[in-house]
Amino acid sequence: MADSTETHTETKLPFAGTMPEWGNRADRHPPLAFVDSCLRGVGQILFANNPVSGLFILLGLFAASPWLGVATLIGLVAATAAAHLLRLDRSRIRAGLYGYNGALVGGALATFLIPEWSPIVILYIIAVSAMSTLVMLTVSLLLVDLLHLPPLTLPFNLVTLPSLLATFAMTHIQHGPLLARHVQEPINTTLRETANAVTGGSLSSALFEALFRGIGQIVFADRVLSGVLILVGLLVWSRIGGLFALLGSMTGLLVGLAFGGEGVSEYHGLWGYNAMVSAEAIAGVFLVCTWRSILYGLVCAAATTVAYAGLGIWSGTFGIPVLTLPFCLTTLVFLSVSRATNRFRAVPLSKVTSPEEHLRLPR
Amino acid sequence: MADSTETHTETKLPFAGTMPEWGNRADRHPPLAFVDSCLRGVGQILFANNPVSGLFILLGLFAASPWLGVATLIGLVAATAAAHLLRLDRSRIRAGLYGYNGALVGGALATFLIPEWSPIVILYIIAVSAMSTLVMLTVSLLLVDLLHLPPLTLPFNLVTLPSLLATFAMTHIQHGPLLARHVQEPINTTLRETANAVTGGSLSSALFEALFRGIGQIVFADRVLSGVLILVGLLVWSRIGGLFALLGSMTGLLVGLAFGGEGVSEYHGLWGYNAMVSAEAIAGVFLVCTWRSILYGLVCAAATTVAYAGLGIWSGTFGIPVLTLPFCLTTLVFLSVSRATNRFRAVPLSKVTSPEEHLRLPR
Amino acid sequence: MADSTETHTETKLPFAGTMPEWGNRADRHPPLAFVDSCLRGVGQILFANNPVSGLFILLGLFAASPWLGVATLIGLVAATAAAHLLRLDRSRIRAGLYGYNGALVGGALATFLIPEWSPIVILYIIAVSAMSTLVMLTVSLLLVDLLHLPPLTLPFNLVTLPSLLATFAMTHIQHGPLLARHVQEPINTTLRETANAVTGGSLSSALFEALFRGIGQIVFADRVLSGVLILVGLLVWSRIGGLFALLGSMTGLLVGLAFGGEGVSEYHGLWGYNAMVSAEAIAGVFLVCTWRSILYGLVCAAATTVAYAGLGIWSGTFGIPVLTLPFCLTTLVFLSVSRATNRFRAVPLSKVTSPEEHLRLPR
């Protein structure tokens, strides 16, 4: 897209796609290249290999909570630095592929551990985030090399879940009230802000809140403004990607409502964030966007939502959250199908850029 | 076997083996071919790629409960239809390989969810069964393509377990009293029909009940008549297969009694159904039937029973049943051994038909 | 090392390394070869393919408890005999690779099941240990053949965990008080012998106890003398290996203290045994010993300790111990990294002997 010889591109947007021209320019200045890698890492949480998208997502994080933003940055830098230290493949580092899991680790530990800003939590974030880079390699060995499937955010889940569990056995790292074993009790399905309060607003405003909080929750940002900023960041990279993030969050919310999920968690967007990335992944990122893959992506978002409900009971038994495991597992299943049928056009993993560019890939 | 040139076959049974002649005839009429695929799918739950076996198993299901039978049919059709929709390999669809997991999903959800005949449960069965076809492809990618091991009923387990868990988080789909978290309490080992009642009958009649209920339980049919019908269906396909199903169920029951398992679950055949399919799989289906593989199959059935006990505690912690996971995991271990030793003759996955035909495979 | 042409070896130790000369001599007498294979199997728990090391570890086991020693021997012999029965690769049997998992099974079941010396427990040890040989083949199919990673003690964990769980469902095999579901309660971090008693000794003596009990705990030997004997056995095989076992146990203990782990379990070495084998595996056994791999091995030991804490909460939810799962999973992650970077020199799996000999491997 940024290739100047591609004269057929009508609307030339300087920030769209993966911004290769800017990437090349940043390469000449190592510190700038590192910053660019990190920003792309934030974007990669939502598949956006684009520094401007990363910047908007960061803005969304800080809008929700400065501690969340800083913790995400710490994780991001630690994971990317670990990749440099291990001298991993440079082009993959530059694409942010060793940053996004660490960024999510930072956000997760900032959300579930207390107290905020404490040195020991920061130390723990650095250690676990760096570890996510190692697990990325392990997961890639099986998924990418042998099965030709993307690792998604599986490394983030695989390091964060035991790290959160460990806080139940280590007194010097404390977990907050969000980590508690699941207790079976009657479920109240009314969309509402907290367990006790009645929403003053209308149902439509509650739905609006849930929809955008769902987008924010992919990075633990429980605020409408964060969701809006993240959506804008996505749209910079890809209009198709942004659209399906929105539709995915909506699908998750509607499935949650239809099946009678718990109202407080629905209000806070927890039924939406997994479905959002599932829809995005299928309808454009890893499969070329067609009417069939669009439908398939929305079905995947719905399946992800049921997986969210089921895996949440599983992880809740141990007192931990489900993170993005429902997205990872369901999306891997839906993607693996493209290997056995010619009903979908899979994008080769090394060619993944943006849904719009995938439409121009030669068959 | 149906090959007319094989004149050495003494007793020519028209319904035995995989009935390829009938299969070819059915191929000429698409609706008939679909029905044939579905019936073979029911048979494949017990490895019987044979429509008559499938018919008998269905009879067994309806004998136990019409709702169970209908739900199994719904799952079967949904999974097979999904395979058609995705244009998957036709010969595999015709062999029922995309139906058996869906059939089991239907039976499982009909058994554990309430109320019977409710539209939302039917809808849920359709969705989860169709999903089983996708998971079949994912599992095959790793097990069949890379490890040359059969997927068994792993896809059924992998979709059903989270789907059952999800009902704890979704009020509009209700689970019945069979889904409850395991509580540690004294175990009563007396074989008996219910937790409170004393069996009026003798021990030998209780053993007989347990043996045949064990066969029925593979499709959630908790009735002696169902077990008998299923056994007859198996014998149509293969006398060796039927014999080892019976011996497998018996092995499970005896191991359960020897180790002091819970009496009510033993009476209802729950210690037998996993062991049954393990014995069948090893002693004839995936290994050529020899004295050594017979012994090995019975050892596998015994190991499966201990795995059943152990995994039942694991799944019971979350409030869900263990389904056929003990069979899948244990049988995969026993089968993988045949790759490292020449003590057993493994049947290539593409040549699996019936134990009798495997005896005639060239070395 | 035992090669007489290697004249550059200054200190020629007759028992060091893998003792190939002795191995060849034992080969001429089948019963002696079997004993040698078994002793190497005990050594392999700590990567020491050396019969003298195995003998010292056995001494350590008997020093802790004769029942523990005998049970380990039973498991060892059963697993090795199963490998002979299945006619598995002879050179692997001779290297003890089909014995170490069985030895650990024997020790684990002797530790967690009651009563001691009971025939049914002995029978159960024989069955589960033999099963470990089958699981070794399954695990190798994926890890060794496809991913070129060592199976470590994963087979031991995979058979023992469900076998322990099963005792909750089988009244004729009883588990002792060590198998109990984890209850969340305040954690006391003071290093102390039991939950109630105050250690009479000083902190430094408590640290010393914890350090050596940590070495012993790899084979369930909760006694300082056992730890010392095991360390001596290791040093016979490799000075580097022995050193990093000690440093690994120390790392585990220090990380446990730093993060505020539970004091009784720290005193009894439970925070050390996983970290010990992790350090050994990385700093010399599977990666060539360099300053970089030494540092990497200690980081791996620290990461293993956090994994120990986290996975312990996971397994404790079901009432079972975590065994050596933290070591297996963490070490596999750290080893897989060596495939994506040239910062470490991986020892090919077929060339693993002892850290000292690896230093002499041609590049």
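These are my notebook entries on how the chains of this predicted model meet and pack.

**Setting up.** I number residues from 1 along each chain as its sequence is written, with chains lettered from A and ligands numbered from 1 in the order in which they are written. Since the model is predicted, local features need pLDDT of at least 70 and side-chain atom pairs count only at pLDDT 80 or more, while totals for chains, interfaces and linings use all residues.

Entry 1: I looked up who touches whom, taking two residues as in contact if their C-beta atoms, placed from the backbone, lie within 7 Å. I found 28 residues of chain B in contact with 23 residues of chain C. On the chain B side, the elements that give two or more residues are helices H7 (119-147), H14 (291-318) and H15 (325-337). Here helices are DSSP runs of H or I with at least four residues, numbered from the N terminus. H14(B) gives the most to that side, with 10 residues.

Entry 2: I picked B:Leu332, which lies in helix H15 of chain B. The C-alpha atoms of B:Leu332 and B:Leu152 are separated by 8.5 Å, although the two are 180 residues apart along the chain. I counted 19 C-beta neighbours inside 10 Å, so B:Leu332 is partly exposed; 20 or more would be buried, and 12 or fewer exposed.

**Entry 3: symmetry.** I superposed the copies by least squares on C-alpha atoms of residues with pLDDT of at least 70 in both. A rotation of 120° with 0.0 Å of shift along its axis brings chain B onto chain C, at RMSD 0.0 Å. The two copies are thus related as by a three-fold rotation axis. Only 7% of the interface residues of chain B are also interface residues in chain C, so the copies meet through different surfaces.

**Entry 4: the core.** Of the 411 residues in the largest nonpolar core, I saw that A:Leu109, B:Leu109 and C:Leu109 touch the most other members. Such a core is a set of buried Ala, Val, Leu, Ile, Met, Phe, Trp, Tyr and Cys residues joined through C-beta atoms within 7 Å.
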